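These are my notebook entries on a single structure. I set out what I looked up, entry by entry.

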Amino acid sequence: MRVVDVAHLTKVYGHRLNRVTALNDLSFHIEAGEFVGIMGPSGAGKSTLLNMIATIDQPTSGKLTVAGKELTALRDSEAAAYRREDLGFIFQAFNLVPDLTVADNITLPQTFVPPLPKDLDQRLMHFANLLGLVPLLKRYPEQLSLGQRQRVAAARAMIGHPDLILADEPTGSLDSMAATELLQYLAKLNLEEDVTIMMVTHDAFTASFCNRIIFIRDGAYFAEVTRRSSRQAF
Ligand code: ADP
Ligand code: ADP
């Protein structure tokens with residue numbers, strides 16, 4: 001099954017003299033279960049692409065289908081449901097709520113629209129276990145290391161059982177030990193929970209945890225590398 005289908009995606013910002021073509025006929029797709037890295041120089045269009053998959057921004061032309069939904073065809077309420085049910089987000093800056101405990105941060109996305117899922121506590125414990133967060137559930141974000149904070153963000157991204165996790169420079173705020181640990185956890189989520197991950201990064205070490213890396217340049221597909229098995233080094 002295709003989780004992400006990017007077809008001739010073009011995005012032009014501005015008009016007349018200050019037109020910027022951020023995406024220029026970009027096409028690729030991602031199959032269920034892949035852990036894909038998106039790499040490219042600054043200005044290549046990586047953030048623009050993420051914003052479109054997150055339905056924060058609309059393409060100028062082309063088609064974008066995620067989890068079986070054609071994104072440009074969604075109404076606002078459908079887009080909100082898509083973001084909540086089909087996507088999980090991990091950002092460079094964690095984006096945790098400082099006044100909420102780790103447990104409440106993890107379950108937060110499920111509390112926006114009532115009723116609460118009946119199995120929410122079970123889900124919380126499942127992902128807390130998987131990500132080594134059980135002893136930390138009552139703490140607040142500022143009482144955690146940066147690596148632990150990003151694991152909380154990963155648990156929060158998983159709590160709605162999304163089809164796709166979008167990770168935007170998830171190791172950008174971490175030292176290399178914490179980054180390695182986080183990437184091992186993301187690889188574990190990818191393998192054991194069967195979640196597809198699309199990770200934007202400019203860091204080759206970070207991207208080396210992916211089973212495929214797509215390189216984009218000037219808003220267009222440039223090249224890719226795939227490794228034979230998900231546990232094998234390039
Ligand atoms: P419009 O006036 O067509 O609605 P936008 O709202 O997309 O244009 O952006 C207005 C202007 O702000 C752009 O033309 C651009 O010069 C600038 N701008 C905004 N965000 C960015 C960005 N991320 N990178 C570069 N320029 C930007
Ligand atoms: P990357 O994330 O790979 O660095 P971006 O998607 O941020 O690339 O940017 C791609 C191009 O589009 C750049 O030239 C950038 O300046 C431009 N751009 C991005 N957002 C806007 C915007 N809102 N308005 C105008 N130009 C933008």
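**Entry 1: strand S1 and its partners.** I looked up Ala7 and found that its bridge partner in strand S4 is Lys63. Strand S1 and S4 (residues 61-66) run antiparallel and are joined by five bridges. I took helices (H or I, at least four residues) and strands (E, at least two) as DSSP runs, numbered from the N terminus, and two strands as paired if DSSP finds at least two bridges between them.

I note that the model is predicted: local features need pLDDT of at least 70, side-chain atom pairs count only at pLDDT 80 or more, and totals for chains, interfaces and linings use all residues. Residues are numbered from 1 along each chain as its sequence is written, chains are lettered from A and ligands numbered from 1 in the order in which they are written, and side-chain values use heavy atoms, with hydrogens and water left out.

S1 (residues 2-13) also pairs with strand S2 (residues 20-31), in the antiparallel sense, over eight bridges. Arg2 stands opposite Glu31 in S2. Six residues separate S1 from S2 in this hairpin, and Gly14 in the turn has a positive phi of about 70°.

**Entry 2: helix H1.** Is H1 enclosed or open? I found six of the eight residues of H1 (residues 46-53) buried, so the helix is largely enclosed by the rest of the structure. Buried means under 20% relative accessible area, exposed over 50%, and partly exposed in between (1.4 Å probe, protein chains only). Among the buried residues are Leu49, Leu50 and Ile53. Just after H1, Thr55 takes a positive phi of about 55°.

**Entry 3: the open sheet.** I traced six strands in the order S6-S7-S8-S3-S9-S10, with mixed pairing. Strands S6 (87-90) and S10 (220-226) stand at the edges with a single partner strand each, so one side of each is left without a neighbour in the sheet. Within the sheet, S7 (residues 164-168) and S8 (residues 196-200) pair in the parallel sense over five bridges. Ala167 stands opposite Met199 in S8. Helix H5 (residues 146-158) packs on the sheet, touching S6 and S7; contact means heavy atoms within 4.5 Å. The direction of H5 makes about 170° with that of S6; axes are lines fitted to C-alpha atoms, for helices over the stretch in contact, and angles run from 0 to 180 degrees between N-to-C directions.
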